[in-house]
Every structure is written in structure tokens, then in C-alpha cells.
Amino acid sequence: MAPRRPDVLSLPVELTHDHAKACLAQLVSGVDAQASPVVVSATALERFDSSALAVLLELRRTCLRAGKTLVVQGLPKHLGDLASLYGIDGLLPST
């Protein structure tokens with residue numbers, strides 16, 4: 001029997017420049033196992049910088065290359081505000 005696939009990918013508690021590359025690699029490795037839309041939960045995210053947006057944007061590009069869309073659940077208000085400031089909030093649909 002195949003292992004159960006996770007329904008949602010998750011961001012860690014901390015996502016800063018120091019953690020971005022490893023976090024992105026882990027998220028990207030989970031895209032193929034996901035149906036569309038690929039759902040990533042940001043509910044655990046407490047400490048972050050603009051690198052969190054870079055990770056989400058690259059994850060979105062990965063999803064698009066795979067013919068899938070990305071939805072972010074529980075995007076922290078401050079991160080959403082930062083996305084708006086940069087004019088990319090429309091690229092990261094959230095629930």
C-alpha cells in the first residue's frame with residue numbers, strides 16, 4: 001500500500017533568509033504529490049522576512065510549471081501587507 005499523501009504543505013514557524021533555501025526545497029519536493037490547487041498552510045509562521053514571499057513566489061512558479069495552482073492558507077496579516085506593498089498580493093491567493 002502506498003503511503004498517505006499529505007493534503008497540505010506547511011511553512012515552518014520561522015522562515016527567514018537563513019532558512020529559505022531549505023524550506024523551498026522541502027515544499028517543492030511535495031508539489032508532485034499534491035492535487036491542484038496545491039495548498040500551503042502558513043498558520044505556523046511566526047518569524048519571517050521578505051524571504052518568505054520569495055519562497056511562496058518560487059513555489060507558485062513550480063506549481064504553474066506542473067500545471068497546478070497555489071493557495072495559501074492562514075497567511076499572517078503582516079506578510080499579506082508586505083505582499084501588498086510589493087504589489088504581488090494577487091499572485092498569492094489566500095484563504
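## Elements and model

Helices (H or I, at least four residues) and strands (E, at least two) are DSSP runs, numbered from the N terminus. The model described here is predicted. Its elements include strand E2 (14-15) and helix H1 (17-31), and the loop between these two holds Thr-16.

## Thr-16

Thr-16 has a relative accessible area of 16%. Buried means under 20%, so Thr-16 is classed as buried. Apart from neighbours within four places in sequence, Thr-16 contacts Arg-47, Phe-48, Asp-49 and Ser-51.

## The sheet

An open sheet is built from three strands in the order E1-E3-E5, with parallel pairing. Strand E1 (9-10) and strand E5 (70-73) are at the edges; each has a single partner strand, so one side of each lacks a neighbour in the sheet.

E1 runs parallel to strand E3 (residues 38-41), and two bridges join them. Val-40 in E3 is the bridge partner of Leu-9. Helix H2 (residues 51-65) packs on the sheet, where H2 touches E3 and E5. The direction of H2 makes about 145 degrees with that of E5.

## Packing of H2 and H3

H2 also packs with helix H3 (residues 77-86), at an angle of about 75 degrees and with the axes 10 Å apart. Angles of 65 to 115 degrees count as roughly perpendicular, so H2 is roughly perpendicular to H3.

On the H2 side the contact is made by Ala-52, Leu-53 and Leu-56; on the H3 side, by Leu-79, Leu-82, Ala-83 and Tyr-86. By class, this contact of H2 with H3 has seven nonpolar residues, with no polar and no charged residues.

Methods: Residues are numbered from 1 along each chain as its sequence is written. This is a predicted model: local features need pLDDT of at least 70, side-chain atom pairs count only at pLDDT 80 or more; totals for chains, interfaces and linings use all residues. Side-chain values use heavy atoms; hydrogens and water are left out. Two strands pair if DSSP finds at least two bridges between them. Contact means heavy atoms within 4.5 Å. Axes are lines fitted to C-alpha atoms, for helices over the stretch in contact, and angles run from 0 to 180 degrees between N-to-C directions. Buried means under 20% relative accessible area, exposed over 50%, partly exposed in between (1.4 Å probe, protein chains only). Angles under 35 degrees count as roughly parallel, over 145 as roughly antiparallel, 65 to 115 as roughly perpendicular and the rest as oblique. Ala, Val, Leu, Ile, Met, Phe, Trp, Tyr, Cys and Pro count as nonpolar, Asp, Glu, Lys and Arg as charged, and the others, Gly among them, as polar.
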